[in-house]
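I opened a new model today and kept notes as I went. Here is what I looked up.

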Amino acid sequence: MKLSVIGCGYLGAVHAAAMASIGHEVVGIDVDERKIESLSNGRSPFFEPGLPEILTSGVESGNLRFTTDMAEAKGARVHFVGVGTPQQKDGYAADLTYVNAAVDALLPYLSPGDIVAGKSTVPVGTAADLAPRIEATGATLVWNPEFLREGFAVQDTIDPDRLVVGVPGPSTGLGTGDEGSGPSTGSGTGATGDEDRGERAAEILREVYHPAVAKGTPFIVTDLATAELVKVSANAFLATKISFINAMAEIAETVGADVTQLADAIGHDARIGRRFLGAGIGFGGGCLPKDIRAFAARAEELGRGESVSFLREVDAINLRRRERAVHLVVDGLGGNVVGKKVTVLGAAFKPHSDDIRDSPALDVAVRLKGLGADVTVTDPEAIENARRAHPQLTYVDDRDDALRDADAVVLVTEWDEYRREISPEHAASLVAGTIIIDGRNCLDPAAWRAAGWIYYGLGRP
Ligand code: UGA
């Protein structure tokens, strides 16, 4: 099938390449010329395992091309919109400038029968707002949220654990802004017409995702508002799970309990599950933090602020854990870090990524620098991005060089290079002071202590 993908960031570039890899003919479109040039040459503009391989094979096969020219979207059967929805500069709500601009730019090239499939994470009600413009061209708007994790993005796109498609129906829900919460059809084509179009659109999306559908991946067809909400509520749930265990870490710290054992113990209950119960310096990245804030802001607009007011607490717990890690370093160094050399292991917001957006790791590094420490940061993939954002920090590629003469070491991104590959004995021979703060609770305290280190975890005695 001929597909276009508007927006070639993390989401769009991976989606375009993944769709080409399962046999579609794909054009990726973005306004950023450098990104398009790099992708056209089969080079990923960011670190994502497996992406370079499918980019190269797609471009070489002729199934995949990239352009800045929106006119090339013409003729595609489905147009995926995967542009960014960052946090607004002066508030918590999502900035929809790029979504609106992408849709407006696409409108002249839509033909009757085309599908526009929104993939960006948006406040509920956005699709209902966009629908009339798209439907005026004879095309149909569906919402098809994306659940990929950075670091596993290719696998998650080709073989997702579920597919969700919101289609027009008799009650596609809400508009944004002041229109209140009354139901609206959003289209004017009438309930039955909408239902038929919805079914046809879902059928086409089933064809797009044929390998996953054939292997029985759950394919959930719903209305537009539900599809939008599925995405934000999934991320809100994940963020809440992390902050829950980090709240337990705060209590554990007070009473001398061990949050990692607590997580293991409650995680054995299948209803709870151990995943996303990793206590530490908390969540960051381009999604979870801004998505919970945008959700809370949207709920306020809808007059339902209290329904998700706990998300403010989730955010607050999360940010407190970064402070706690800084506090442990200061404490470990006797109450004053001025002029002390602190080595920070990790800059990316999580391993397998070079993404530093809202990275807890870098936040800890920057705060320590602000307190007067002499901070050296190392990371297997994210140094270039970190240096651009925070040139005031010192960056060192080689791990041993970074550790040399450190007064304290803080592990903030749990790369295998740090959690498995550092020998505590070898590290002890390099540093000036054997103090380690394990911001991800991923080291074996007994092994580090045996090698002479003073070990601090988060929520551990
Ligand atoms: C997240 C979701 O997991 C994806 O399903 C979603 O599609 C994506 O956002 C998105 O909206 O695009 P991602 O941002 O790649 O994916 O990262 P996660 O793997 O969710 O990790 C988020 C943060 O939580 C990281 O900083 C990680 O270190 C932290 N985390 C994760 C913890 O602190 N503890 C845990 O137990 C797990």
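**Cavities**

For my notes, a cavity is a set of points on a 1 Å grid over the protein atoms alone where a 1.4 Å probe fits but cannot get out, and its volume is the space filled by probe spheres set on the points, with points joined across faces, edges and corners. My search of the whole structure turned up three cavities of 30 Å³ or more. Among the residues lining the largest one (an atom within 4 Å of a point) I noted Thr85, Val232, Lys290 and Phe295.

**Ground rules**

This is a predicted model, where local features need pLDDT of at least 70 and side-chain atom pairs need 80 or more, while totals for chains, interfaces and linings use all residues. Residues are numbered from 1 along each chain as its sequence is written, and side-chain values use heavy atoms, without hydrogens and water.

**Two domains**

I next looked up the domain bounds, which come from an automatic or database assignment: domain 1 is 2–217 and domain 2 is 316–457. Their C-alpha centres are 38 Å apart. Eight residues of domain 1 and nine residues of domain 2 make the contact (heavy atoms within 4.5 Å).

**The salt bridge**

Which residue does Arg357 meet in a salt bridge? I found Glu150, at 3.1 Å from N to O. The rule wants a side-chain nitrogen of Lys or Arg within 4 Å of a carboxyl oxygen of Asp or Glu, and it finds one such bridge across the interface of domain 1 and domain 2.

How values were computed:
On a 1 Å grid over the protein atoms alone, a cavity is a set of points where a 1.4 Å probe fits but cannot get out, and a pocket is an open set with protein on both sides within 12 Å along at least five of seven lines; lining residues have an atom within 4 Å of a point.
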